[in-house]
Amino acid sequence: NADENAHSDIRNLIEGKVSSTDIADNLTTNNSNKVLSAAQGAKLKSMIDKLDGFITWIDAYSHIKDGTLKISDLNIADNSIVYFKKGEYSVNASDINGISNVLFLMNEAVITCTGAYFIKADNCNDISFIGGAISGATDYGIAVNDCLRPLCRKVAVTNCGGSSVKEATGIRIYGDCSGFSVEHCRVSDIS
């Protein structure tokens with residue numbers, strides 16, 4: 001019995017071994033029947049490590065204090081992704097200035113503004129707002145001023161403004177906002 005078990009273990013090791021022809025030693029093969037070599041795995045890890053620190057991931061939910069989020073408390077810098085996970089947020093009006101390559105990823109977030117606006121961006125290049133529902137601001141939902149290539153995609157802005165506000169708007173664009181793109185957004189109930 002011991003000999004049979006040993007032979008069985010050896011057969012399993014031999015049969016379970018990956019053939020050298022089934023090892024991909026490059027990062028371009030898309031054959032799902034091949035495994036990545038350790039050398040290419042190390043190269044891939046090195047590439048990922050170089051990105052670490054280049055992009056900053058900010059979890060908005062973890063910065064809520066006393067039930068309210070203030071965007072300015074997030075310390076947003078260039079090359080940041082500000083992620084709003086699914087849920088409801090009460091957000092104070094916040095200004096951001098002079099930053100570039102920032103993505104506000106808000107796909108399933110419901111944001112209720114507690115001030116004049118959700119975000120006012122000044123001199124920010126390549127700033128993007130993706131998804132989410134913004135409501136309740138007294139002046140406007142999102143404002144961009146002198147921001148090159150800003151993007152609003154699939155954002156719903158509702159119930160902003162009031163009778164005392166002269167120029168209430170859902171998305172306010174002013175100054176030089178060359179390349180501004182608004183895609184599949186909904187703005188409604190602006191008074």
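Which residue in β11 is the bridge partner of Ser 100? It's Asn 125. Keep in mind that this is a predicted model, where local features need pLDDT of at least 70, side-chain atom pairs count only at pLDDT 80 or more, and totals for chains, interfaces and linings use all residues. Residues are numbered from 1 along each chain as its sequence is written, and side-chain values use heavy atoms, with hydrogens and water left out.

**Strand pairing**

- Strands here are DSSP runs of E, at least two residues long, numbered from the N terminus, and two of them pair if DSSP finds at least two bridges between them.
- β5 (residues 80-83) pairs with β8 (residues 100-105) in the parallel sense, over 4 bridges.
- In that pairing, Tyr 83 sits opposite Leu 105 of β8.
- β8 also runs parallel to β11 (residues 125-130), joined by 5 bridges.

**Salt bridges**

- The count is 3 salt bridges, each meaning a side-chain nitrogen of Lys or Arg within 4 Å of a carboxyl oxygen of Asp or Glu.
- Lys 86 meets Glu 108 at 3.9 Å, N to O; Lys 86 is in the loop between β5 and β6, Glu 108 in the loop between β8 and β9, 22 residues apart.
- Arg 149 and Asp 126 meet at 2.7 Å, N to O; Arg 149 is in the loop between β13 and β14 and Asp 126 is in β11, so the pair ties together parts 23 residues apart in sequence.
- Glu 183 and Arg 153 meet at 2.6 Å, N to O; they lie in β17 and β14, so this pair ties together parts 30 residues apart in sequence.

**Accessibility**
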